[in-house]
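Here is a short report on a ligand site and a sheet. Look over the sequence and the model before reading on.

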Amino acid sequence: MFPDPTDKISHLKPRPQIIPRSDHIISREAISENALKVLYRLKNSGYQSFLVGGSVRDLLLGREPKDFDVATNAHPEQIRELFRNCHLIGRRFRLAHVRFGNDIIEVSTFRTAHHVSDVEGRIVRDNVYGTIDDDVWRRDFTANALYYNIDDFSVVDYVGGMADIRAGVIRLIGDPELRYREDAVRLLRAVRFAVKLGFRIHADSERPIAKLALLLEEIPSARLFEEVLKLFLGGCAEQTFEALRHHGLFGALFPETEIVLGREESGFPQTLVIHALRDTDQRLAESRPVTPGFLLAALLWSPMRAQAADQVARGLAEPEALELAADAVISRQIARTAIPRRFTQMAREIWEFQPRLLRYMGKRPQRLLAHPRFRAAYDFLLLRNRAGEPLQELCEWWTAAQKDMPTNVVDAGAEDDDGEPPGTDADSGETPARPRRRRRRRSGRRGGKAK
Ligand code: ATP
Ligand code: MG
């Protein structure tokens, strides 16, 4: 029963609308077997058990959910007792992860909106357990706050989420400005969901966005990097980029890129980034691998180049200028979005390769062709050409060189001798980049594939 009848103030709270199975399209066939296992085990053990968040939203839209989140009144320790394959994680709030091979079902205990905030209104702790009618108010958007009840297959709607999904509206629950101040990542989430779902942001939720963009500076860089991956590797990178710029949020993520884009509206930089994002979307649509390293190289190319040009003007040789500029641009960027080293390293290598592609044209190209980073660097050269740099001849030359020497060509990242465990990167589905090798490697340090 909802709301909890033992809750003394429940009569003051809004009553939910219960949408019965006959009035919505969610079928158990569309829910993953593992999610159903978790939902039923909780229910059969006497707990309330709901599917919640993005999965309910996506099922109602007829889309395939990315993952399934479960909400329950069982406490984390009680959840752990029910599932052998269960880990408790998180500090700001404790969650249970129930693992089935590579598939993880996230199970969260109902919490109240009575979190601990700091003086600025930001949430610092969020661990007070409650009931479903407490839990709903801490969620971000109405479309994300619907609960699918495994007990009777109804959808529980406290916030008008169903109507907003039907109307294609992203709307914050409660006072928008307050909710953004609690957690500024919601600014990015509003834009991301609007683009991904083809929704519009409700005027009241949209109005404060640009004004509050600066709040993103306070978000830990690791969390911002996670968001960057979701923004640009979700399949709608190009549109998301446009929307982020439109709302004044892109500069909070990539400040140096934003400055350069602002300077050269119709020049190379903007089209290079757009081409790179479009290619990323295209590759994802074709289920081809993408790597954040390549995207990073594209996003920071213009600021890096501008700074390298400054160094050259001061008399530095090109390779040193490039290295200095790369160091500076990357170190400032990772202060904002904590990018793992394997990706920054890949961006560096792609950049360093660009002048080498020019120098080695017509000479002995075998060494470059055989380099594990050749493919990515060549793709980057094509990207620059498409974005308007006069590189057609060079591109054609390297395209032909690969045809002439096909056995020497190694795919980007195909060889991995950098000491990181080989294998695919979870975020990108592509083999991690390997660092530059400056120093000669001590013999016998490591066996393996390096020759
Ligand atoms: P996606 O399709 O990207 O997974 P999602 O809506 O499932 O979208 P998650 O980040 O997986 O998003 O979060 C699951 C749910 O948790 C959300 O639907 C929302 O109800 C709640 N939530 C997540 N992040 C926040 C936040 N920053 N503030 C409030 N609620 C949040
Ligand atoms: Mg989700």
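**The ligand site**

An oxygen atom of ligand 1 lies 3.0 Å from an N or O atom in the side chain of Arg192. That is a polar contact, meaning a pair of N or O atoms within 3.5 Å; within protein, one must be able to donate a hydrogen and the other to accept it, and residues adjacent in sequence count only if both atoms are side-chain atoms. Taken alone, ligand 1 exposes 590 Å², and the protein buries 85% of that. Accessible areas come from the Shrake-Rupley method with a 1.4 Å probe; for residues, only the protein chains shown count as cover.

This is a predicted model: local features need pLDDT of at least 70, side-chain atom pairs count only at pLDDT 80 or more, and totals for chains, interfaces and linings use all residues. Residues are numbered from 1 along each chain as its sequence is written, chains are lettered from A and ligands numbered from 1 in the order in which they are written, and side-chain values use heavy atoms, with hydrogens and water left out.

| Residue | Protein atom | Ligand 1 atom | Distance |
|---|---|---|---|
| Arg192 | side-chain N or O | oxygen | 3.0 Å |
| Gly54 | polar backbone atom | oxygen | 3.2 Å |
| Asp140 | backbone N or O | nitrogen | 3.2 Å |

Around ligand 1 there are 18 residues, of which Asp183, Arg186, Arg189, Arg192 and Lys196 come nearest. A residue counts as near if one of its heavy atoms lies within 4 Å. By class, this shell has 14 charged, three polar and one nonpolar residues. Charged means Asp, Glu, Lys and Arg; nonpolar means Ala, Val, Leu, Ile, Met, Phe, Trp, Tyr, Cys and Pro; the others, Gly among them, are polar. Helix α7 gives the most to the shell, with five residues.

**The sheet**

Eight strands form an open sheet with mixed pairing, in the order β1-β10-β9-β2-β3-β6-β5-β4. The edge strands, β1 (17–19) and β4 (86–89), each pair on one side only. Helices (H or I, at least four residues) and strands (E, at least two) are DSSP runs, numbered from the N terminus. Two strands pair if DSSP finds at least two bridges between them.

Strands β2 (residues 49–52) and β3 (residues 69–72) run antiparallel, joined by four bridges. Leu51 stands opposite Val70 in β3, and Ser49 stands opposite Thr72. β3 also pairs with β6 (residues 103–109), in the parallel sense, over four bridges. There, Thr72 has Thr109 as its bridge partner.
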